[in-house]
Amino acid sequence: MKNWLEKVVREEFSVRFRKKLNSFLLSPNVGLEELEASVQSMTKYVLSQLGLMELCQDLIHIQGHRIWEEEFLHILRHCAREEYNDYVRKRQEDPVVRPVQSSDFSNAKTFLGQLLHQILRLSNPSCSMYIEPMSGWFDAEGHELLGLRFFDLLESCIGPVGMTCMDSLLSFLIMENLEHSLRVLNNLLDSRCLEELRTLDNDLGHATSLPLLGCSPYKQMAKVIDIAWEPWVECLAHIGQLQLLRCLISSKLKSACKVKAGVVSFAVEGMMSSISSRREKTIMQSVVDRKVKNEDDATIEHFLQKLTRQGTICGFCSTFQTVYISNDPPPFLGRCASIMSISQLSRYVLDTHLGTLTSRLKKVVLDFSPVVIGIGTFLRQFDTTYTTQYVQYIGQYIRTATVAAFGTLYEPQKGSLDPSSDLLKSAFWLMYFCKYMGVSKDLLDSCLPPPLLALLQT
């Protein structure tokens, strides 16, 4: 009788909950207030069902809380799988290869898909600006489009496992965009472009030196980096957007886990920090000692996978350090990324009040932060030397521009630099790239003239 009661309650709860989630429909251009109100309404329903199950638990002596938890998590994971399968099916049917966009989920059939569409739309780098101190996206008039309050409401509604399901979808979309951006870049690097890059590389010399021709090689290469490169830049910006969303979700998971399960959170954090530092050494030693993987190796790898999954639920994933794809790097990757970055500087001015680069009219084709993070994420997929090269090449441009402007590396004055100067913008760009991507301070200090670095830090 007890088993029969549990089965009936479970089936009834699952049917009612699926019906409620399927009724969660939002208009295509919903605002933040309406979106938050809808999430709050769903949260009340979720909690009411939990209360009902706990009441059943007391009345008919079944494990109502466990049933609610298992079915709720099963439904959320089913939503994530359904959105994943639907996206893959659409991609296979669509002959046009393009980056992942919010419109890909405009007709989402599940609760998570509807939320994902609105999140991607409101944080779109072509019509929003990410302000780091506020941890949110804003429009040109300064109105908040998406921020911490929404992610607080989202976590209270779908819980850590629901947030992890959302995070897994974002990870998949990042991987798709990275593979697409790699194909786009390889197509751009035709024989003419490769010859131009080879000439530029020879003219500029080693990254630690100053080119004899000054800034003229950069100006010549800027003519090659024309509108044809815009699809690559756009794809990188979407990668950065997805990375920022993953970062906020990870932050919410970490804070929620420490509040709701502090002992588990600290234990997982300690285990992950200890094991991750020894993981490469352990794997390499295993290969050396045994030459082939045996049962012990499989057990260790299984344990590491389980620990990584638990670490993701607890928010202990290094979003900006994650490697999503494994491919061969394009030729002149460091030069390509640095020249593309330099070509973008003319679109921005430094806003010292907001602490970021914005357009002159507060409207820019692509937001600064996602572009920088997208570049860093793309470079991170390959050997770390490419990230180092990128920093050194941007540093070479900054030093060259400093000498061209002041005749020396050691006398730029604060009053002589305006927010629209490429020198100041490129230095700010490099500082934030190093901050986001965890580049060492020693490398940054070696690339920037000391007076210029002091000006930016003040």
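## Contact of H2 with H3

Val 46, Gln 49, Leu 50, Met 53, Glu 54 and Gln 57 in H2 are in contact (heavy atoms within 4.5 Å) with Gly 64, His 65, Ile 67, Trp 68 and Phe 72 in H3. By class, the residues of this contact are six nonpolar, four polar and one charged; Ala, Val, Leu, Ile, Met, Phe, Trp, Tyr, Cys and Pro count as nonpolar, Asp, Glu, Lys and Arg as charged, and the others, Gly among them, as polar. The axes of H2 and H3 (residues 64–93) come within 7 Å and cross at roughly 145°. Axes are lines fitted to C-alpha atoms, for helices over the stretch in contact, with angles from 0 to 180 degrees between N-to-C directions. Helices (H or I, at least four residues) and strands (E, at least two) are DSSP runs numbered from the N terminus.

## Basis of the model

The model is predicted: local features need pLDDT of at least 70 and side-chain atom pairs count only at pLDDT 80 or more, while totals for chains, interfaces and linings use all residues. Residues are numbered from 1 along each chain as its sequence is written, and side-chain values use heavy atoms, with hydrogens and water left out.

## Nonpolar patch

Leu 52, Leu 55, Leu 59 and Ile 60 make a nonpolar surface patch of about 350 Å². Patches are made of residues with over 30% relative accessible area and no salt bridge, with like charges joined within 9 Å and nonpolar side chains (Val, Leu, Ile, Met, Phe, Trp, Tyr) within 5 Å. A salt bridge is a side-chain nitrogen of Lys or Arg within 4 Å of a carboxyl oxygen of Asp or Glu. Accessible areas come from the Shrake-Rupley method with a 1.4 Å probe; for residues, only the protein chains shown count as cover.

Leu 59 belongs to H2 (residues 32–60) and counts as exposed because its relative accessibility is 62%. Buried means under 20% relative accessible area, exposed over 50%, and partly exposed in between (1.4 Å probe, protein chains only).

## Leu 357

Leu 357, in strand S5 (residues 356–358), counts as buried because its relative accessibility is 1%. Not counting residues up to four places away in sequence, Leu 357 touches Tyr 348, Val 349, Leu 350, Phe 368, Lys 425, Phe 428 and Trp 429. Leu 357 and Lys 425 are 68 residues apart in sequence and 7.5 Å apart in space, C-alpha to C-alpha.

## Positive phi

Most residues other than glycine have a negative phi. Ser 135 has a positive phi, near 50°, and lies in the loop between strands S1 (129–131) and S2 (136–138). Ser 135 is buried, at 18% relative accessibility.

Phe 332 has a positive phi near 55°. Phe 332 is in the loop between helices H10 (295–313) and H11 (333–344) and is partly exposed, at 25% relative accessible area.
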